[in-house]
Amino acid sequence: MAKLFLLFALFPILEIAILLNVSEQIGGWYTVAIVILTAFLGARLVKQEGLSTLTQAQTKMQQGQVPGQEMAEGLLLVIAGVLLITPGFVTDGIGFILSLPITRPLIAKGLLKHIKVQPMQGPLGGQFNHDFSQQQSGPFGHNSTNHSKSQAGEIIEGEFVEKGDASEQLGKPKEPL
């Protein structure tokens, strides 16, 4: 409870005090310009680093590895983005520390020591290792291509014709709509 009080009550007061002090030193409009500039630069940095982290995560997933480090870095980038668009010099400083490619991996490693990352389990209890990058799904999750890969990796061409619904296949008469 005390930590939340510090975060939501004292932290904004500290930010306002620093903003007022800086505006007394360099002027109000310059202070506003610096806050806007840091928000703009921070948003660009977070976008660039986010795309890089996403690419690294996709590469790990294609190799069948769990992208735990990249997930932690992505979380840090989301927090950094929020902090960087929040007006204030302390939040900008923390946001830049969380988004820089030098400090972010170190902080993510420390974060991962406290979080356990497990692979998802599939519907039948097995580990879920499906390669979604090759599948092109239609609007209801059906494969929109007319081929699939066999276990050996070659492409097998084919088409299918739907012969009634499940009730006809079980020998039950189809009910009218």
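Student: How many helices and strands does the secondary structure of the protein chain come to?

Tutor: The secondary structure comes to six helices and two strands. Keep in mind that this is a predicted model. Along the sequence, the elements of the protein chain follow the pattern α-α-α-α-α-β-β-α.

Student: What percentage of the residues in the protein chain is buried?

Tutor: Of the 177 residues in the protein chain, 18% are buried. A residue counts as buried when its relative accessible area is under 20%.

Student: Could we take one residue as an example? Is threonine 31 buried or exposed?

Tutor: Threonine 31 has a relative accessible area of 4%, so this residue is buried. Threonine 31 belongs to helix α2, which covers residues 28-62.

Student: Which residues does threonine 31 touch, not counting residues up to four places away in sequence?

Tutor: With those left out, threonine 31 touches Leu19, Val22, Ser23, Ile26 and Phe89.

Student: And for the chain as a whole, what share of contacts between residues at least 6 apart in sequence join residues at least 24 apart?

Tutor: Among those contacts in the protein chain, the share is 48%.

Student: Now the helix pairs. At what angle do the axes of helix α1 and helix α4 cross?

Tutor: Helix α1 (residues 2-26) and helix α4 (residues 89-99) cross at roughly 105°, and their axes come within 8 Å. That angle makes α1 roughly perpendicular to α4, because angles of 65 to 115 degrees count as such.

Student: Which residues of α1 and α4 meet?

Tutor: From α1 there are Phe11, Leu14, Glu15, Ile18, Leu19 and Val22, and they meet Phe89, Val90, Thr91 and Ile94 of α4. By class, the contact of α1 with α4 has eight nonpolar residues, one polar and one charged.

Student: How are α3 and α4 placed, roughly parallel or roughly antiparallel?

Tutor: The axes of α3 and α4 cross at roughly 155° and come within 8 Å. An angle over 145 degrees counts as roughly antiparallel, and α3 and α4 are therefore roughly antiparallel to each other. Their crossing is left-handed.

Student: Which residues make the contact of α3 and α4?

Tutor: On the α3 side they are Leu76, Leu77, Ile79, Ala80, Leu83 and Leu84, and on the α4 side Thr91, Asp92, Ile94, Gly95, Phe96, Leu98 and Ser99. The contact of α3 with α4 divides into nine nonpolar, three polar and one charged.

Student: What about α3 and α5: at what angle do they pack, and how far apart are their axes?

Tutor: Helix α3 (residues 68-85) packs with helix α5 (residues 104-112) at an angle of about 110°, and the axes are 9 Å apart. The two helices are therefore roughly perpendicular to each other. The crossing of α3 and α5 is right-handed. In this contact, α3 supplies Gly68, Gln69, Ala72, Glu73, Leu75, Leu76 and Leu77, while α5 supplies Arg104, Pro105, Ile107, Ala108, Lys109, Leu111 and Leu112. Nine of the residues in the contact of α3 with α5 are nonpolar, two are polar and three are charged.

Student: How many salt bridges does the count come to?

Tutor: Side chains of opposite charge can pair when their charged atoms come close. Here the count comes to three salt bridges.

Student: Which residue forms a salt bridge with glutamate 49?

Tutor: Glutamate 49 pairs with arginine 104, and their closest N and O atoms are 2.9 Å apart. The pair links distant parts of the chain, since glutamate 49 is in helix α2 and arginine 104 in helix α5, 55 residues apart. Glutamate 49 counts as buried at 9% relative accessibility, and arginine 104 is buried at 3%.

Student: Which residue forms a salt bridge with arginine 104 at 3.1 Å between the closest N and O atoms?

Tutor: That residue is glutamate 73. Arginine 104 lies in helix α5 and glutamate 73 in helix α3, so this pair ties together parts that are 31 residues apart in sequence. Both arginine 104 and glutamate 73 are buried. Glu49, Glu73 and Arg104 are linked in a network of salt bridges.

Student: What are the details of the salt bridge of glutamate 70 with lysine 60?

Tutor: The closest N and O atoms of glutamate 70 and lysine 60 are 3.5 Å apart. Glutamate 70 lies in helix α3 and lysine 60 in helix α2, so the pair ties together parts ten residues apart in sequence. Glutamate 70 is buried, with a relative accessible area of 8%, whereas lysine 60 counts as partly exposed at 25%.

Methods:
Residues numbered from 1 in each chain as written. Predicted model: local features only at pLDDT ≥ 70, side-chain atom pairs only at ≥ 80, totals over all residues. Heavy atoms only, no water. Helix = DSSP H or I, 4+ residues; strand = E, 2+ residues; numbered from the N terminus. Buried < 20%, exposed > 50% of the residue type's maximum accessible area, 1.4 Å probe, protein only. Contact = heavy atoms within 4.5 Å. Axes fitted to C-alpha atoms, helices over the stretch in contact; angles between N-to-C directions. Parallel < 35°, antiparallel > 145°, perpendicular 65-115°, else oblique. Left-handed = near helix turned anticlockwise from the far one by under 90°. Nonpolar A, V, L, I, M, F, W, Y, C, P; charged D, E, K, R; others polar. Salt bridge = Lys/Arg side-chain N within 4 Å of Asp/Glu carboxyl O.
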